[in-house]
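Hi,

Here is the structure I promised to pass on.

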Amino acid sequence: SSMGKRAVLNIRPRSDIKAVQKLQEETENAIGLILSYGNPPLFGINELKSATKRASLGGVLSMGQLLEIAESLRVSRSLIDYCKDAEFNEFTGLIRSLFTQRGLEEEIENAIDTEERMNDSASDKLFNIRRNITIKQGQIRTKLNDIMVQASKGGHLSENLITVREGRYVLPVKASSRSSFKGLVHDRSASGATIFMEPLACVELNNQIRDLEIEEKEEIRRILADLSMQVSAFSSEIEGNQDLLQYIDMTFAKAK
C-alpha cells in the first residue's frame, strides 16, 4: 500500500541492539507466516484519520470514505483469519490485536455499491422512492412518445429524440415551430436552430420526478449520516487499525 511504502522509505538504521533484535524477530515471524500460509491478504490500507475525525465531530462521510473504512475493517478481519492457526508470537499477537466490527463493515458494504451510487436496498424508503421514479419515468416517456409522433407529423421536431435538460424530459423542437408547440423552453442548440421544450402535458409528471429525486437525495444523506454516526462510535479503534495495518504491511514487505 502507499502507506506501507511510506513506512518502508522511512526505515533508518538502529543502534539499540534490543530494538534491532525485536525488529529482526518480527521479520522472521512474518517470513514464517508467508512460508506456512502464503502471501497475506493485504488490501484496503488507506488514510482514514481525516474521515474518522470528521465523523467524530458529527460530519457526514462520503460513500467513498465509508467504503474505505469498510475495506479497512475487512482487511483487518482477513489478516486475523490468515494467522488464526499460527503459533503465537509478538507479530501474530500484533495482527490479532487488530480491531474488527463485522456488523458495521457489512452494513456499509450492503448499503453502498460504489463511490457514486447507493444500493437500492439500503433502506425500504430508498427502494420505494427509486421504484416510483422508474414508474414516473416510464409514464413520461410514453406520453412524450405520443407527443413526439404528432409533433413529427407536423414537422415541428429537429429529430425524433427524447432527451433531458436541467433534469427535465424534453423534445428537440425547431426554433421556427416554437409558437406552434405548447411547452416550456429549457435550452437551445449552439446554432439556435433547435430549442429543447418540455411539453405542457408533461410538466406535472416532470415535477413529480423532480420531487422524488429530491426525496432520494435526502434519504441518501440520512443513510450516510446514520453510517457516519456508527463510524464515530469506533473512530479511535479505526484510527489505531490504520497505524497497525501500515506497520504490518511494512513488516511483510521486509519479510518478502
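Predicted model: local features only at pLDDT ≥ 70, side-chain atom pairs only at ≥ 80, totals over all residues.

**What I found**

Asp-243 counts as partly exposed, at 36% relative accessibility; for this, buried means under 20% relative accessible area, exposed means over 50%, and partly exposed is in between, using a 1.4 Å probe and protein chains only. Asp-243 sits in helix H9 (residues 235–255), where helices (H or I, at least four residues) and strands (E, at least two) are DSSP runs numbered from the N terminus.

Residues are numbered from 1 along each chain as its sequence is written, and side-chain values use heavy atoms, with hydrogens and water left out.

**Overall picture**

The protein has nine helices and four strands. Reading from the N terminus, the elements go α-α-α-α-α-α-α-β-β-β-β-α-α. The radius of gyration is 28 Å, well over the 18 Å that the globule rule gives for 256 residues, so the protein is more spread out than a compact globule. That radius is taken over C-alpha atoms, and the globule rule is 2.2 Å times the number of residues to the power 0.38. Along the principal axes, the C-alpha atoms fill a box of roughly 90 × 40 × 35 Å.

Ser-15 is in the loop between helix H1 (2–9) and H2, and counts as exposed at 80% relative accessibility.

Buried residues make up 40% of the 256 residues. Taking contact as heavy atoms within 4.5 Å, residues 24 or more positions apart account for 66% of the contacts with a separation of 6 or more. The accessible surface comes to about 14,000 Å², and 48% of it belongs to carbon and sulfur atoms; the areas come from the Shrake-Rupley method with a 1.4 Å probe, and for residues only the protein chains shown count as cover.

**Charges and salt bridges**

There are 34 positive and 37 negative side chains, and the centres of the two sets lie 7 Å apart. Lys and Arg count as positive and Asp and Glu as negative, with His and the chain ends not counted; each charge is placed at NZ of Lys, CZ of Arg, CG of Asp or CD of Glu.

How many salt bridges are there? With a salt bridge defined as a side-chain nitrogen of Lys or Arg within 4 Å of a carboxyl oxygen of Asp or Glu, the count comes to 15. Three of them are worth a look:

- Lys-22 pairs with Glu-26, with the closest N and O atoms 2.9 Å apart. Both lie in helix H2 (residues 17–37), four residues apart, about one turn of the helix. Lys-22 is partly exposed at 35%, whereas Glu-26 is buried at 3%.
- Glu-105 bridges to Arg-77, with the closest N and O atoms 2.5 Å apart. This pair links distant parts of the chain, with Glu-105 in helix H6 (residues 102–111) and Arg-77 in helix H4 (residues 63–82), 28 residues apart. Glu-105 is buried at 1% relative accessibility, and Arg-77 is partly exposed at 24%.
- Arg-222 forms a salt bridge with Glu-219, the closest N and O atoms being 2.9 Å apart. Both are in helix H8 (residues 203–232), three residues apart, about one turn of the helix. Arg-222 is partly exposed at 44%, while Glu-219 is buried at 4%.

There is also a network: Arg-117, Asp-120, Arg-130 and Glu-216 are joined by salt bridges that share partners.

**Around the strands**

Glu-166 has a positive phi of about 55° although it is not a glycine. Glu-166 lies in the loop between strand S1 (163–165) and strand S2 (168–174), and is exposed at 57% relative accessibility.

Asp-187 is in strand S3 (residues 183–188) and is partly exposed, at 32%. Leaving out residues up to four places away in sequence, Asp-187 touches Arg-165, Ile-195 and Phe-196.

Cheers
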